Amino acid sequence: MTDRAVNDLHPFWMPFTANRAFKARPRLLATARDMHYFTPDGQAVLDGTSGLWCVNAGHGRAPITEAIQKQAAVLDYAPPFQLGHPLAFELASRLAMQMPGDLNHVFFANSGSESVDTALKIALAYQQARGFEGRTRLIGRQKGYHGVGFGGISVGGLENNRKGFLTLPGVDHLPHTLDLEQAAFSRGQPAWGAHLADDLERLIEQHGAETIAAVIVEPMSGSAGVIVPPVGYLERLRQITSQHGILLIFDEVITAFGRLGGLTAAEVLGVTPDLLTCAKGLTNGAVPMGAVAVSSQVYDTVVRHAARDGIEFFHGYTYSGHPLACAAALASLDVYEAEGLFERATGLAPYWEDAVHGLADLPNVIDIRNLGLVAAVELASRPEAPGARAMEVFHRAFDDGLLIRVTGDVIALSPPLIISKDQIDQLVDQLRQAILATA
């Protein structure tokens with residue numbers, strides 16, 4: 001027994017949180033249903049962020065909850081090394097059938113961060129299996145976010161995530177594509193910026209194609225503040241990587257499962273990578289799970305290179321393909337399909353775009369950008385306190401019943417795909433009031 005109070009806030013070291021500030025004035029979520037969270041005192045909070053980019057079908061969905069409960073009673077855990085269970089194979093098959101191109105194989109992880117590190121390892125294993133042991137260099141992008149593993153922070157381009165930690169050698173970065181002078185207040189994909197993909201040619205010339213294993217980018221960068229790909233940019237990356245035998249990895253931890261109106265951004269934007277990472281919406285956020293979809297060429301090359309009957313890829317997790325996660329994922333896919341939520345996102349996108357761009361006239365708003373059911377409202381930073389203005393908006397909005405997400409002085413919005421037009425109007429109006437009240 002312990003004499004510590006059950007509501008003591010101090011033992012929990014909260015992630016990506018100003019712990020001292022939070023614990024001085026905590027904001028807690030107690031329950032959730034459909035489009036809303038509810039605080040311990042019962043206040044409804046409209047969810048403008050799908051939790052953390054993950055609850056795409058809304059909260060407390062009965063089919064998902066029931067699938068998890070049923071599975072827990074039947075098979076709570078099964079080891080994934082040298083053994084299997086039916087749901088993992090069923091889920092992998094279903095995902096493989098729906099993924100674009102020849103992304104016909106799936107490796108399961110437990111988060112977006114693990115999915116990214118898995119994809120990077122697969123890329124290195126593929127190049128080694130081809131006989132290109134010198135292809136070890138990895139190329140990321142400035143402002144990219146690829147989770148918090150050592151591989152992810154190395155290829156990532158958010159400096160606060162890298163400072164103070166060791167990073168992998170042999171990593172370089174493409175320039176990001178956000179330029180407010182050229183493309184502020186763009187609706188959808190900006191017309192300017194496709195030429196920035198050509199910087200990959202410079203890196204190839206600098207390092208030699210024979211040293212580069214893979215390029216990893218988010219089709220749309222979420223955590224950096226909703227950076228939308230310019231028209232033609234991803235197509236150009238695909239062309240260059242294919243030309244030089246370099247793998248292209250799409251990090252779709254945020255964009256997969258309906259966020260842009262399709263199963264994947266690759267499908268919506270018409271560019272198919274060699275590997276594709278996902279997580280978040282895969283289980284509607286109900287159980288932690290990540291995955292890497294892998295092309296047949298990559299899978300076959302790695303597997304056939306290994307000794308017969310030997311382990312082909314020395315990597316995996318205790319909870320890869322966890323039975324409860326598989327049950328949650330299959331039920332989530334059922335909900336997405338039965339309710340046509342991807343198509344719903346596509347249908348709502350024009351209304352959403354008009355609504356969020358209606359905030360362009362507000363003081364301190366310096367950019368608005370959107371794609372699918374995602375948007376960002378960027379605020380001018382206070383010279384003496386970057387990020388403070390958006391954080392004040394975050395706190396004010398929450399206290400008034402709206403959950404948003406902020407990174408720096410960018411307000412990011414990504415509501416569940418079940419949102420109605422009336423709720424879009426409510427979200428935008430509440431955000432308007434919070435911005436107006438923040439000097």
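Reply: A crossing is called left-handed if the near helix is turned anticlockwise from the far one by less than a right angle, and right-handed if clockwise. Helix 15 passes helix 16 in a right-handed crossing, where helices (H or I, at least four residues) are DSSP runs numbered from the N terminus. This is a predicted model, in which local features need pLDDT of at least 70, side-chain atom pairs count only at pLDDT 80 or more, and totals for chains, interfaces and linings use all residues. Residues are numbered from 1 along each chain as its sequence is written, and side-chain values use heavy atoms, with hydrogens and water left out.

Me: At what angle do helix 15 and helix 16 pack?

Reply: Two packed helices are described by the angle between their axes and the distance between the axes. Axes are lines fitted to C-alpha atoms, for helices over the stretch in contact, and angles run from 0 to 180 degrees between N-to-C directions. For helix 15 (residues 388-399) and helix 16 (residues 421-436) the angle is about 130 degrees, with the axes 9 Å apart.

Me: Which residues of helix 15 and helix 16 meet?

Reply: With contact meaning heavy atoms within 4.5 Å, Val393, Arg396 and Ala397 in helix 15 meet Leu431, Ala434 and Ile435 in helix 16.

Me: How do helix 14 and helix 16 cross?

Reply: The axes of helix 14 (residues 341-357) and helix 16 come within 10 Å and cross at roughly 20 degrees, and helix 14 passes helix 16 in a right-handed crossing. Leu348, Tyr351, Trp352, Ala355 and Val356 in helix 14 meet Lys421, Ile424, Asp425, Leu427 and Val428 in helix 16.

Key: Helix = DSSP H or I, 4+ residues; strand = E, 2+ residues; numbered from the N terminus.
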